Amino acid sequence: MRSLRNGITVPDRPEGHLRRAQLLDRLDGSEARWIVVVAPPGYGKTVLLADWLAGRPDGPPRAWISLAAVDDGARFRSALVRAVAGALGAVPDGPPDQRPGDDPVEQLAALLDGAPQPVRLVLDDLQELSSPEALHDLARLVHHGPAGLQLVLAGRTPPPGLLACPGPAGGPQMLCADDLRFSPEDTAALLGASGVQLRADQVAHLHAQTGGWVAGLRFAVRALCCADDPAAVLEHFPGGDSSLADYLTGEVLSALPATQRRFLQVAAVCTTLPVELAVALTRQVDAGRILETLVRDTALVQRAGGGCYRIHPLLRSHLLTGLERREPALYRRSQATAARWWQRSGDPVHALRHAQRAGDPQLVVALLRTRGIRLVGSGRLDAVRQAIGAVWPSGETGDRWTALLDALAQHLAGAHAEARAALRRAKRVRTGPRDPATDALRMGVEWLVTGEPPARTGADGVLPPELEALRELCRATSCAGTVGADPDDLAARLDRVLTVAAERALPYFAVWARSLYAVLEAGRGRRQAMAAVATAALADAARLDGRLATRPVEWTAQTCALLAHGDLLAGDAAAARTRAEQALRTEALPPMAEYALRVLLTAASADLGEHPGEPEACRAARAACGDAPVMGLLLATPAALEHRAAVVQGHLEVGAEIAEWLERRVGKVAEVLVMDAWAHLVQQNWDAAAAAAGPVVAGSVRPCSPTRRSRRTSSWPRPRCRRVTRTGAGQRPTPRSRSVRTSTSCARSRRRAARPPTCCARLRTRRWPPRSPGGWRRCSPRSVPAPSPR
C-alpha cells in the first residue's frame, strides 16, 4: 500500500513529456468550481495535471491526493485536511493517518477562511475510491465545498451519480478522451522532442495507427528511438511489442469483466463493426448494449456512425494476435462468418478481405465469381490481387475464372509480365464445364493482354452487364488507335460501356472508356472533342477514392499525353509543358505514357526556345516500353516527334533506331515511311524521299494517326523552310511550279491553329511523286542550311 505521505505529493513528470499548452490554458482559464478529467488509461491525465500544477510556480496554492493510497473514509478525510493545510503552509494537529473524522467540509472551510487565493486540489485515480464513507464525503465536498477550493477530479470513470446532480455549485468543466487525444501536430511535436525524425506521411501513418492515444505513441517513440530502420518499425508496429501488450493486458483489459473481454476478442476480427455483425460473431443478442457500455466506460471503443463501432487499432491488434495464436480455429471461423455477412450486405471488399484471412479457397473463389468484375469496375484491383496472392502464393488457383481475373487485375495494375503468366495458367486449367461468362472473360482478357483477337470464340448466352462492358473495353483497347479500326463501331461500343458504368456505379470502367474515347477522337483528328472527353476522364479519375480504389494511372497518364499534344498542336507550348511536367510527377507511370510525356515535354521546351533536355531520357523511356501491347496511335505520335528531332539535329542513326522500333511494334505503317522520307530529305536524297513517301500519298499504306488531310505539322526544332520544285529536264525552276514544302515555322503553325489537327508529325505533300517524268531540283544552288538551334 502506498503511504499517505506519498499520496499527497505531486508526481514527477516523465522525461521528454510534451507540454499541452492548449489544454493548460483551458485549465487556467476555467472559472468552474470543479473540473472533471475522465479518460481511459494511457491518455495522460496524471501527466497533464502534474504539469499544470508544477509548471505554474507563481500560481495559486495547489494540493494533490492520489486516491490509490486512500482505502477508507478516515484516511480520505485525513488526506484532504493534510493536503489543503500543506498548500496553505499550515500544520494540522495529530498524526497524519489519524485525523479526527469530523465533517471534512467544515474542516476545509476553517482552513480556507481568510486565504488570499483559492486552493487547487487534484484528486487523482478517482476509480480507486470505493469506500461508501469516502464517496459520501466526496459528494458533499463537490456539491457543498467551501468557496475557496477549486476541486479537480481525475480518473478512468467518475463515481456513479456524482455528475447527475450538479448542485448549487453548478456543473463541472469536463475534459474527456477526445480532448486529451494527440492531434497530428502533437504527434509530430512529441517525435521531435524525442529526437525521432520522420517524414510527414510517416507521422500521419503513426498517428492513424495509434489514434492519438498517448500511451501508444510513447511505446512507439520508445521503439523508434532504439531502431536502426524506423520505416520497418512503423510497418510492423505494434507487432510483438511486449511492453505494449503487457500494458494493454494489465491496465486496460484487466479492468473489464470477463464477458466483455471475450466479446472484444471475438469482435476484434472486424475493423468496422456493425451491431448486426457483432451479434453474428459473438452470438449475443444484446451486443448493441455491450458496445454502448464499452463506449461509455472506455474510449477504446468508439461509435463510427451508421450503427457501427470501431475498436482502437492497437487494442484490436493485440486482441487479434492473441486470438489467432491461442484459438486458430475460432479465428478462422470468425473471419469466414464476417466474410459471408459482408457478402450478404453487398460489400465485396470487406468480404474478400475476411475470406482471405480465413484461408478458405472455396469461399474466395465464390466471392470472386460473383463480385470480381464489380471489384475491378470500381477500381479495387489491389483487393483482388491481394486475395489471390494470399490464398494461392504460387498463382496456381486451379480455377479458370480466378486465374483469368488475376491476369486482368495484374494487367490493369501495370504488371504485364505477371498478367501473361496468369493467362498461361488459366489456359492450363481444364477442369469444369464451359459457360458463357467464363468464355466472355477469357476472350476479353486474351484480347487485352496479348493485343490480338482470341483464337476461339466463346459459348453463347446472356452475360451480366458489367461483364459485357468489360469485354467491350478489352476489345476497344486492342483496336482503338490501330490501323483499320472502325471508329464508328468503337464509338458505339464505348457508348454502351459508359451507360453500364453509370447504371452500375463502375467508375474505373468509366475512366477507362472515356480515355479510349479520347484516343478515338484524336485518331479522327477532332482535337476539341478529344480535349472535352479527356477532361471528363480526368475528372472521373479525380473522384476515385485513392484510399480504397486503385488509381487508373495508365489511362489518366495517356489522357494527359493526348491533351499535351493537343496543346502543342494548338501552338500553346507553355500549356503542353506544364501538363507534361505535372503528369510526369505521378508515381508508377506506365512506360509508354512516360515515353510519350517525356517526348512532349522536350518538344514543348524546344518550341519555347528553351533547352530541350537530354535526348537520353526519351531514349531510356522508349527502351523501357518493352513489348507490352499498346495502341498504335500512342506509339506513333511520340515516335514521330522524337524521330523528327533526331534527323533534324543530324542524329540519323538515332532516327533509324526509332523508325525500326516503331516498325517492329506496329508494322510498316505510314508514319514509318514518312520517317524514312524525312531521313532522305535531310541527306538530300530526293528520289529516295519521293519513293518512300509515295505509298502514303497513294493511300496504299495507312497511318496510325488521323487520316484527315491537314496543313498543320508538329512544332519541333527544325530547319528553315525550303522549297523543292518539280521541273522538267533542263528547265529553270519557277515560283509557281507545283512543290513539296517542308513546313517548319512555329509562327505559321500558330496562325493555322483553327485548322483540323494531326496527331503526329508527318510530311505534308502535294502531288508527290510527280505525275510525269522529271527531276527534283533545289530552288537555290546553296546547300541545305544547318539545323536551327531551336
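I began with the largest pocket, which 50 residues line. Thr-271, Arg-310, Arg-316, Arg-353 and Arg-357 lie nearest its centre. I keep in mind that this is a predicted model.

Which element gives the largest share of the lining? I found that H16 does, with eight residues.

I then sorted the lining by residue type. I noted 19 nonpolar, 19 polar and 12 charged residues. For the space in the largest pocket, I wrote down about 1,700 Å³.

**The whole chain**

I stepped back to the chain. It has 36 helices and 11 strands. I noted 790 residues, and 51% of them count as buried. The chain exposes about 35,600 Å², with 51% of that area supplied by carbon and sulfur atoms. I also checked the contacts with a separation of 6 or more: residues 24 or more positions apart account for 72% of them.

**Helix H4**

I turned to H4, which runs over residues 73-88 and has 16 residues. From its first C-alpha to its last I get 23 Å, close to the 22 Å expected. Is H4 largely enclosed or left open by the rest of the structure? I count it as largely enclosed, because 12 of its 16 residues are buried. Among them are Gly-73, Phe-76, Leu-80, Val-81 and Val-84. Three arginines are on the buried list too: Arg-75, Arg-77 and Arg-82. Just after H4 I stopped at Gly-89, which takes a positive phi of about 85 degrees.

**Helix H3**

Seven of its 10 residues are buried, so the rest of the structure largely encloses H3. The buried residues are Lys-45, Leu-48, Leu-49, Ala-50, Asp-51, Trp-52 and Leu-53.

**Ala-646**

My last entry is on Ala-646, found in helix H32 (residues 632-648). Why does Ala-646 count as buried? Its relative accessibility is 6%, and buried means under 20%. I then asked what Ala-646 is in contact with, leaving aside neighbours within four places in sequence. I found His-651, Leu-652, Val-654 and Gly-655. I also looked up Pro-615, which is 31 residues from Ala-646 in sequence. In space, the two lie 8.8 Å apart, C-alpha to C-alpha.

Definitions and conventions: Residues are numbered from 1 along each chain as its sequence is written. This is a predicted model: local features need pLDDT of at least 70, side-chain atom pairs count only at pLDDT 80 or more; totals for chains, interfaces and linings use all residues. Side-chain values use heavy atoms; hydrogens and water are left out. Helices (H or I, at least four residues) and strands (E, at least two) are DSSP runs, numbered from the N terminus. Buried means under 20% relative accessible area, exposed over 50%, partly exposed in between (1.4 Å probe, protein chains only). Contact means heavy atoms within 4.5 Å. Accessible areas come from the Shrake-Rupley method with a 1.4 Å probe; for residues, only the protein chains shown count as cover. On a 1 Å grid over the protein atoms alone, a cavity is a set of points where a 1.4 Å probe fits but cannot get out, and a pocket is an open set with protein on both sides within 12 Å along at least five of seven lines; lining residues have an atom within 4 Å of a point. Grid points are joined across faces, edges and corners, and a volume is the space filled by probe spheres set on the points. Ala, Val, Leu, Ile, Met, Phe, Trp, Tyr, Cys and Pro count as nonpolar, Asp, Glu, Lys and Arg as charged, and the others, Gly among them, as polar. The expected span of a helix is 1.5 Å times one less than its number of residues.
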